[in-house]
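Biologist: I would like to learn how to read pockets and ligand contacts in a model. Could you walk me through one?

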Amino acid sequence: MRVITFGTFDVFHVGHVNILERARSFGTELYVGVSSDQLNYSKKGRYPVYSEEDRMRIISALACVDFVFSEESLELKAEYIKHYNADILVMGDDWQGKFDEFKDICDVKYLPRTPSISTTEIIEVVRHKNPTK
Ligand code: C2G
């Protein structure tokens, strides 16, 4: 069973490891679509702290990940799921209900987010400790 998931995974943290390991446990292979820098810019109005190349390199190095590709557009999710023959789509529950439209091409599971950690909070904490940055 092939599992697929998507994310930016910027400033990699334990919440990211948790969801990737849990996603992998639903199948035998995990494919990860890492959101491109351009996609992030169009979604959030800023570029990630880590470049797309580095974010993909970090995700590829994880034992629970079998294959990494660049997610160029949110609208292409169905194409990616079909192209990579994924059986299960896993996303954190901040996306609850948002991908139910794909239930006709694969299983869709939303997993609870790891509490009290996010890239945005890490950036805030670092900024606070280094006010000049
Ligand atoms: N996540 C989590 N717990 C946290 C933080 C993140 O489980 N404390 C999960 C998110 O729910 C998501 C994954 O980690 O499933 C990646 O999170 P982000 O990098 O924030 O991904 P996002 O920007 O939501 O991009 O096509 C969808 C987008 O690319 C998802």
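Biologist: Which residues lie nearest the centre of the largest pocket, and how many residues line it?

Modeller: Here is the general idea: rolling a probe the size of a water molecule over the atoms shows where empty space is left. In this predicted model, the largest pocket has 32 lining residues, and T8, H16, D94, W95 and R113 are the ones nearest its centre. The space inside the largest pocket comes to about 640 Å³.

Biologist: What volume does the second largest pocket have?

Modeller: About 230 Å³. Its lining has 11 residues, with V49, I122, I123, E124 and R127 closest to the centre. By class, the lining of the second largest pocket holds 6 nonpolar, 4 charged and 1 polar.

Biologist: Now for the ligand. Which residues come nearest to it?

Modeller: There are 21 residues around the ligand, and S35, E71, K77, D94 and I117 come nearest. D94 is also among the residues nearest the centre of the largest pocket.

Biologist: Which polar atoms lie by the oxygen atoms of the ligand?

Modeller: Take the backbone to begin with: a polar backbone atom of F9 is 2.8 Å from a ligand oxygen. Among side chains, W95 places a polar atom 3.1 Å from an oxygen of the ligand, and K43 has one at 3.4 Å from a ligand oxygen.

Biologist: How much of the ligand does the protein bury?

Modeller: The ligand taken alone exposes 630 Å², and 94% of that is buried by the protein.

Biologist: What does the UniProt record list for residues 4-124?

Modeller: The unreviewed UniProt entry lists "domain: Cytidyltransferase-like" there. Over residues 4-124, the chain is 34% helix and 21% strand, with 30 Å between the end C-alpha atoms.

Methods
Residues numbered from 1 in each chain as written. Predicted model: local features only at pLDDT ≥ 70, side-chain atom pairs only at ≥ 80, totals over all residues. Heavy atoms only, no water. 1 Å grid on protein atoms, 1.4 Å probe; cavity = no way out; pocket = protein on both sides within 12 Å on 5 of 7 lines; lining within 4 Å. Points joined across faces, edges and corners; volume = space filled by probe spheres on them. Nonpolar A, V, L, I, M, F, W, Y, C, P; charged D, E, K, R; others polar. UniProt positions renumbered as here; feature names shortened; annotations may be inferred. Helix = DSSP H or I, 4+ residues; strand = E, 2+ residues; numbered from the N terminus. Near = heavy atom within 4 Å. Polar contact = N/O pair within 3.5 Å; in protein donor to acceptor, adjacent residues only side chain to side chain. Areas by Shrake-Rupley, 256 points an atom, 1.4 Å probe, with all protein chains shown as cover.
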